[in-house]
Number of protein chains: 2
Amino acid sequence: MRYYDSLARLIAQFQKLPGIGSKTAQRLAFYILKMPEPEVREFAAALVEARAKLLTCSVCGNMTDSDPCHICSDPRRERKYICVVQEPRDVLALERTNEYRGQYHVLNGAISPLDGIGPDELNIKSLLARIRQEKPEEIIVATNPNVQGEATAMYLAQILKPFDIRVTRLALGLPVGGDLEYADEMTLARALEGRKKI
Amino acid sequence: MRYYDSLARLIAQFQKLPGIGSKTAQRLAFYILKMPEPEVREFAAALVEARAKLLTCSVCGNMTDSDPCHICSDPRRERKYICVVQEPRDVLALERTNEYRGQYHVLNGAISPLDGIGPDELNIKSLLARIRQEKPEEIIVATNPNVQGEATAMYLAQILKPFDIRVTRLALGLPVGGDLEYADEMTLARALEGRKKI
């Protein structure tokens with residue numbers, strides 16, 4: 001099979017993206033070809049601009065296009081909570097809940113000895129400096145509920161002990177709207193363990 | 001939830017693409033932010049270039065970046081067959097089989113009265129002109145096996161009658177690797193109808 005060259009290049013570019021196989025890449029490329037040319041230029045500009053403007057917030061380590069980021073610089077956000085997450089997308093997930101009004105701190109990863117990622121590779125030093133300076137009341141550890149996330153949470157709990165600060169972890173249990181029948185044993189065990197009086 | 005502006009714009013752009021919802025758009029946008037900047041520029045350039053170079057082949061109506069397209073201008077392709085398809089992507093699907101060495105003709109649609117698409121909206125006139133000039137032996141109608149595709153095939157068969165030319169249609173039947181049990185009744189009925197001696 002031979003595509004014409006510029007189409008082939010576009011398909012190859014789409015295929016680089018995560019979760020985009022050859023069929024989807026082809027479908028997306030054909031869609032681009034049917035889009036009005038100004039819209040395609042706009043798309044291309046958005047790609048370049050988002051990447052070019054990318055900064056890391058010097059306070060929390062989140063991705064941003066202004067430093068400090070819009071959360072760190074928002075005076076309405078409470079200073080007494082710092083929620084520690086692994087990735088910038090976790091900040092977005094928590095923001096979507098509209099429940100949390102505190103600060104964030106993005107580690108940019110999790111402890112994973114097999115991948116050669118130890119505490120020094122993570123954005124932890126700046127967290128300690130921040131705690132010393134801002135003196136928050138509580139650190140909410142919201143790393144992922146998997147081996148690496150748990151290891152990171154344990155490590156944080158340990159190094160935060162000297163600070164005499166409340167360190168909490170997100171609750172584990174059944175997902176809302178889920179079916180007990182389909183929950184895995186680990187989740188069910190944690191849900192039992194964390195049961196609450198009603 | 002608030003993304004920073006340039007990220008929000010990029011996510012919105014990805015969401016315009018077919019089959020890309022808000023979660024996937026966000027995932028893709030974050031992936032772009034983690035890509036090296038030159039690669040992002042390359043991606044953007046591929047988008048603009050593929051769209052800018054887009055031409056319609058004046059012979060077959062296929063999408064191309066050179067006119068006539070690489071199939072129409074290939075001297076090794078047989079001139080006695082013209083395979084009529086609805087869309088440029090159908091050409092690619094047939095090319096992938098590596099079985100067909102003839103020409104193509106792209107209608108850019110199918111007859112669909114409900115959508116206001118009649119024969120005049122399709123690339124049919126140039127097909128007739130081409131048949132008069134090139135005098136192929138066979139027209140293989142490879143429109144989709146659905147109502148619109150069938151209507152188009154019937155229409156073509158009718159207007160091609162005066163040419164005294166062989167007009168064929170792709171076989172309908174069970175998909176290879178499929179399960180008879182899961183075939184719908186229409187497909188099964190067509191498979192029976194088209195049964196062959198072994």
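## The sheet of chain A

Four strands of chain A make up an open sheet with parallel pairing, in the order β4-β3-β5-β6. The edges belong to β4 (103-106) and β6 (166-169) of chain A, each of which pairs on one side only. From one strand to the next, the twist averages 25°. Do keep in mind while browsing that this is a predicted model.

Let us look at one pairing in detail. Strand β3 (residues 81-85) of chain A runs parallel to β4(A), and four bridges join the two. Within this pairing, Cys83(A) stands opposite Tyr104(A) of β4(A). Two helices come into the picture here. Helix α4 (residues 88-96) of chain A lies across β3 and β4 of chain A, at about 155° to β4(A). Helix α6 (residues 147-160) of chain A also packs on the sheet, where it touches β3, β5 (138-141) and β6 of chain A, and its direction makes about 170° with that of β6(A).

## Strands β3 and β4 of chain B

In chain B, strand β3 (residues 81-85) and β4(B) run parallel and are joined by four bridges. Val85(B) is found opposite Val106(B) of β4(B).

In a regular strand, side chains alternate between the two faces of the sheet. What happens on the two faces of strand β4 (residues 103-106) of chain B? Both are covered: Gln103(B) and His105(B) are buried on one side, Tyr104(B) and Val106(B) on the other.

## Where the chains meet

The contact between the chains draws 52 residues from chain A and 52 residues from chain B. Chain A and chain B bury about 5500 Å² between them, with 66% of it on carbon and sulfur atoms. Eight salt bridges cross this interface.

Phe43(A) is buried at 0% relative accessibility, and Phe14(B) is buried with a relative accessible area of 0%. Over all chains, the structure has four aromatic pairs. Another of them is formed by Tyr100(B) and Tyr104(B), edge-to-face with 5.1 Å centre to centre and 65° between the planes. Tyr100(B) is buried at 14%, as is Tyr104(B) at 1%.

## Salt bridges between and within chains

Over all chains there are 22 salt bridges. Glu87(B) sits in the loop between β3 and α4 (88-96) of chain B and Lys34(A) in helix α2 (residues 22-34) of chain A, so their pair joins two chains. Here the N to O distance is 3.2 Å. Glu87(B) is buried, with a relative accessible area of 13%, whereas Lys34(A) is exposed at 54%. Glu39(A) and Lys16(B) form another salt bridge, their closest N and O atoms being 3.8 Å apart. This pair also crosses between chains, from helix α3 of chain A to the loop between α1 and α2 (22-34) of chain B. Both ends are partly exposed, Glu39(A) at 30% and Lys16(B) at 33%.

Inside chain B, Arg166(B) bonds to Glu138(B) in a salt bridge, with the closest N and O atoms 3.1 Å apart. Arg166(B) counts as exposed at 53% relative accessibility, while Glu138(B) counts as buried at 11%. Finally, Arg9(A), Glu49(B) and Lys53(B) are joined into one network by salt bridges that share partners.

How values were computed. Residues numbered from 1 in each chain as written. Chains lettered and ligands numbered in written order. Predicted model: local features only at pLDDT ≥ 70, side-chain atom pairs only at ≥ 80, totals over all residues. Heavy atoms only, no water. Phe/Tyr/Trp six-rings, centres within 6.5 Å; stacked < 30°, edge-to-face > 60°. Buried < 20%, exposed > 50% of the residue type's maximum accessible area, 1.4 Å probe, protein only. Pairing = 2+ DSSP bridges. Axes fitted to C-alpha atoms, helices over the stretch in contact; angles between N-to-C directions. Contact = heavy atoms within 4.5 Å. Buried area = accessible area lost by both parts, 1.4 Å probe. Salt bridge = Lys/Arg side-chain N within 4 Å of Asp/Glu carboxyl O.
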